[in-house]
Amino acid sequence: MKNTMTKYYFEVIRSGINTTFQDLGRKHLYHIGIPFSGAMDNRNFILANAIAGNKENTPVIEFAYQGPLLKFRGEKVNFNITGNVNFKIIKKQNQIEGNCYKNYILEDGDELDIISTNKSVYGYLAISGNFDVKFQWNSCSVNTKANIGANDGKKIEKDQLINILDIDSENSKKSLEYINTKIENIRVIKGTNFDYFSTEGKKIFFEKEYTVTKLTDRMGMRLEGCKIENIVDTNIKSEGIIKGVIQIPADGNPIIMLSDHGTIGGYPKIGVVISADYDKLVQLPPGSKIKFQEIELADAELLFKFYQMETKNLVLKIK
Amino acid sequence: MIKNISNLGDAALYCDFGREVNQEINSEVIKYFKSIKEKKIEGITNLTPSYNKLIISFDLKLTNFNNLKKIIENLELNKIEKTESNKITIPICCDKEFALDIKRLEKKFNISKTKIYEKFFSKEYFCYMTGFIAGLPFLGDLDQSLKSKRLETPRVKIPKGSVGLAEQFCNIYTFESPGGWNIIGNTPVNIFDKTNELKPNLINPGDSVVFEQISKSEYEKYND
């Protein structure tokens, strides 16, 4: 049963570090200069909506590191959180420590405190129903650089309201047993400028460990480690970029392009992260050590099929 | 013509039209871009035309590299279509406060700023591509004597509307952004309009652009 009421909303008591509305992102706009955006961790986005009983591409709230503290106003609403997240529900009488991948009910005046992501970066909050958000180019996904998407293209801020358009008022007890696994080996297909780098540089790239630095956000992930020597040119004529591309600028440290990346760039591309590893890559917090592992296209395609199948099976396991 | 198609990762085709940068090759890229866009080929999620490359991104759930490569290799281009192109005039104010790098360029080129602007304003520029940030046009080619390198350390913030030079190209920052181009002025015109979903970009690939110098008071009154 759908209830359409304007009096359902959240008050934002604490905004968190990078809290935005996201869905599956927007297509067919690279040529204009607008990236895909969308939820960074696609699987956890899909699971959040599946547990909530929503359609696959329903807007959710994505948060990074520290999430928001929200006070719910309205009768009641189901919600769930996905990722690896510490959160609690503060009711008038008591507090409940929350578990991810499980629906809970918030009642009028209850607070949801999304304390932090645990050894990961992104988490997702879905309600059973729809947030009242604006869509641009068929997507609510917020791109804070171009100020495109819901909430005027901006992060959610302290003291604002998050309005709810409609809710599914049935109490859902649905949940899923799932633990996110981490990866240290990031599988990579050689890039179009692989031969711009010295034999030693190529060897280093696939053998040495790299550290994720703090200069990492929804646009890109900067790594630090053994420098990779360029023997051709540290610039290329500007050309298109896609998410997962690993560029090596003049300083020799790799940068991986993520969902809000610039659509055109002029640094040589040494490799591209395979689609199957993207969700896990973005969950690596600063300080994480990673190694790149070379893989052929056919294997990458197969691994993506497995990854998709695994996600589908998880959705089927929600009970 | 496409000289070579390779894979960029597992979800994109990298179509290489050669190494040179000129309008002829870029027009080929744009022709392919428009034909592919019109055909609405299943699985394609994005097309990124640039000077001499076209990147075709696709949804790996719906298609794959080899399938799409075959389709592109056998693609019949829209023959008759004369690519529609507009001529757009962009006013720029070159006051000191906007021309962040003009002094450095005077020294570098060893010519006066009057001469730099004379050369800059006398040419018509071709839009090769748009992107990096939303709506930012890559225009060319500058007079030979105005070729410059990017800043060694890019600025963290370049003001909206800034007009920059780098290599043989010029651009317009559509909103505040980091960047490394040499800034010589600022336009009051809104180049990217996020509220216009059908036509957000004022300048599109294939268009030609002429710049026109305006005074500070004209600049200030422009959006009144």
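**View 1. Contact between domain 1 and domain 2 of chain A in this predicted model.** Here 20 residues of domain 1 of chain A are in contact with 15 residues of domain 2 of chain A, two residues being in contact if their C-beta atoms, placed from the backbone, lie within 7 Å. The assignment sets domain 1 of chain A at 2–168 and domain 2 at 185–315, with bounds that come from an automatic or database domain assignment, and the C-alpha centres of these two domains lie 28 Å apart. Residues are numbered from 1 along each chain as its sequence is written, while chains are lettered from A and ligands numbered from 1 in the order in which they are written. Because the model is predicted, local features need pLDDT of at least 70 and side-chain atom pairs count only at pLDDT 80 or more, whereas totals for chains, interfaces and linings use all residues.

**View 2. Contact between domain 1 and domain 2 of chain B.** Chain B is divided into domain 1 (4–73) and domain 2 (87–221), and seven residues of domain 1 of chain B are in contact with six residues of domain 2 of chain B. The C-alpha centres of domain 1 and domain 2 of chain B lie 28 Å apart.

**View 3. Contact between chain A and chain B.** Chain B contributes 39 residues to this contact and chain A contributes 32 residues. On the side of chain B that touches chain A, the largest share, five residues, comes from β3(B), where strands are DSSP runs of E with at least two residues, numbered from the N terminus.

Notes. Helix = DSSP H or I, 4+ residues; strand = E, 2+ residues; numbered from the N terminus.
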